[in-house]
Amino acid sequence: MAINRRSTALSLARGLLAAVGVTLVGMAVIAALALLAKVSDGAIMALNQVLKLCAISLGALAAVGRGGERGFVTGMALAMLYMALGYGLYAALGGNAFSAQEMLGEILIGAALGAIAGAVLANMKPKRR
């Protein structure tokens, strides 16, 4: 039982690190677009949402993998951790006040996306070696 919990925690950590890495690279690209291409605020918000979608999906890929186990729950937990960590860091760095309803809504949407991505990945055939 302890080995399963440990392997689950390690896969969540691996997925969270992958999602954070994708986010850091994506935010650098979005910042460059904002400075160099004079992108509008609406476009930046849309790019931010697409970045979250990509980060959660790639994080689920790193955590669950093709043909992995417990993809639904692992993907959902990963997405919730990622979204909560993002909001926590945003608030800690002095971000504007946000409503709790919006935060909860985004966390739940992220959880649904992570669950779907994890379930799809878990039901795919594993790659042959």
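Me: Which residue just after helix 3 takes a positive phi?
Reply: Gly94, with a phi of about 85 degrees. Keep in mind that this is a predicted model.

Me: And helix 3 itself, how many residues does it have and how far does it reach?
Reply: Helix 3 has 22 residues. From first C-alpha to last it reaches 31 Å, close to the 32 Å expected at 1.5 Å a residue.

Me: Which of the residues in helix 3 are buried?
Reply: Gly71, Thr74, Gly75, Leu78, Ala79, Tyr82, Met83 and Tyr87.

Me: What is in the largest nonpolar core?
Reply: Seven residues: Ala19, Ala55, Ile56, Ala79, Tyr82, Met83 and Ile107. Helix 2 and helix 3 are the elements that give two or more residues to this core. Helix 3 (71-92) has the largest share, with three residues.

Me: What does Ala19 contact, leaving aside neighbours within four places in sequence?
Reply: Ala55, Gly59 and Tyr82.

Me: Switching to charges. How many salt bridges?
Reply: The count is one. Glu106 and Lys52 meet through their side chains, at 2.5 Å from N to O.

Me: Where do the two partners sit in the chain?
Reply: In distant parts, 54 residues apart. Glu106 is in helix 4 (residues 100-122), and Lys52 is in helix 2 (residues 41-64).

Me: Why does Lys52 count as buried?
Reply: Because its relative accessibility is 17%, and the cut-off for buried is under 20%.

Me: And Glu106, buried or partly exposed?
Reply: Partly exposed, because its relative accessibility is 22%.

Me: Which of them are closest to the centre?
Reply: Asn48, Lys52, Gly86, Tyr87 and Tyr90. Lys52 is the salt-bridge partner of Glu106, and Tyr87 is on the buried list for helix 3.

Me: Which helices supply at least two residues of that lining?
Reply: Helix 1 (2-36), helix 2, helix 3 and helix 4 each do.

Me: Which gives the most to the lining?
Reply: Helix 3, with seven residues.

Technical notes
Residues are numbered from 1 along each chain as its sequence is written. This is a predicted model: local features need pLDDT of at least 70, side-chain atom pairs count only at pLDDT 80 or more; totals for chains, interfaces and linings use all residues. Side-chain values use heavy atoms; hydrogens and water are left out. A salt bridge is a side-chain nitrogen of Lys or Arg within 4 Å of a carboxyl oxygen of Asp or Glu. Helices (H or I, at least four residues) and strands (E, at least two) are DSSP runs, numbered from the N terminus. Buried means under 20% relative accessible area, exposed over 50%, partly exposed in between (1.4 Å probe, protein chains only). A nonpolar core is a set of buried Ala, Val, Leu, Ile, Met, Phe, Trp, Tyr and Cys residues joined through side-chain atoms within 4.5 Å. Contact means heavy atoms within 4.5 Å. The expected span of a helix is 1.5 Å times one less than its number of residues. On a 1 Å grid over the protein atoms alone, a cavity is a set of points where a 1.4 Å probe fits but cannot get out, and a pocket is an open set with protein on both sides within 12 Å along at least five of seven lines; lining residues have an atom within 4 Å of a point.
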